[in-house]
Amino acid sequence: MEPFRSTRGGGARAYLAPTEASLLRSLVGQVITLIAPDGPPPGQPDDLLAWDAQFSEDQLQTPDDPVLARLLPDGYRDDPDAAGEFRRYTESSLRSAKQQAAQEMLDTLPEAGGRIQLTHDQAHAWLKALNDVRLALGVRLDVTEEFEQQWGRLRADDPQWAAYEVYAWLGAVQESLVQALA
């Protein structure tokens with residue numbers, strides 16, 4: 001990946017290899033599926049961001065899936081009733097905003113990789129979508145503040161090694177974009 005660079009008008013540009021674009025498309029698509037109000041369609045294969053909780057309008061509790069609980073947090077941690085009421089009025093719009101940012105990223109991400117040219121607003125949508133992907137992956141990997149040490153304890157043949165590599169790469173993409181917008 002060629003890092004993001006700022007453009008006139010407050011946007012950003014970069015270059016992604018085809019495999020990088022494919023990886024981003026896959027991960028962002030998984031987040032879109034995860035945050036969909038009804039969850040993934042039946043028969044969805046179990047993958048890195050697999051869904052394991054169902055949501056209905058009547059259920060005003062914190063999602064059972066730890067990734068969804070992180071992406072759709074309680075507004076009040078110490079008051080379940082207030083948290084439920086907060087969720088009733090905000091979760092739908094939060095899901096919609098996350099889906100919109102993720103879709104904006106997909107719409108501006110060339111399928112075969114290549115040059116990316118983002119407006120200021122598109123770049124901010126990318127930041128939101130990248131953040132959601134990193135949060136989801138970080139929860140699945142149980143990433144803590146000691147990320148470097150966690151990663152360092154893995155052997156290169158450990159199945160989680162590649163996921164940690166992706167997590168670190170996503171951080172570099174996100175940081176590159178933040179710096180381009182600064």
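View 1. Met1 is partly exposed, at 33% relative accessible area (partly exposed lies between buried, under 20%, and exposed, over 50%; 1.4 Å probe, protein chains only). This residue sits in the segment before β1 (2–6). Leaving aside residues up to four places away in sequence, Met1 touches Ala14, Tyr15, Leu16, Glu20, Trp169, Val173 and Ser176 (contact: heavy atoms within 4.5 Å). Met1 and Glu20 are 19 residues apart along the chain, with 7.5 Å between their C-alpha atoms.

**View 2. Helix α4 against helix α6.** The axes of α4 (residues 120–141) and α6 (residues 159–181) come within 10 Å and cross at roughly 155° (axes are lines fitted to C-alpha atoms over the stretch in contact; angles run from 0 to 180 degrees between N-to-C directions). α4 is therefore roughly antiparallel to α6 (angles over 145 degrees).

**View 3. Residues between α4 and α6.** Among the α4 residues that meet α6 are Trp126, Leu130 and Arg134. The α6 side includes Tyr167, Leu170 and Val173. The contact divides into 16 nonpolar, six polar and one charged residue (nonpolar: Ala, Val, Leu, Ile, Met, Phe, Trp, Tyr, Cys and Pro; charged: Asp, Glu, Lys and Arg; polar: the others, Gly among them).

**View 4. The whole chain.** Six helices and three strands make up the pattern β-β-α-α-α-β-α-α-α (DSSP runs: helices H or I, at least four residues; strands E, at least two). Of the 182 residues, 42% are buried.

Residues are numbered from 1 along each chain as its sequence is written. In this predicted model, local features need pLDDT of at least 70, side-chain atom pairs count only at pLDDT 80 or more, totals for chains, interfaces and linings use all residues, and side-chain values use heavy atoms, without hydrogens and water.

Notes. Angles under 35 degrees count as roughly parallel, over 145 as roughly antiparallel, 65 to 115 as roughly perpendicular and the rest as oblique.
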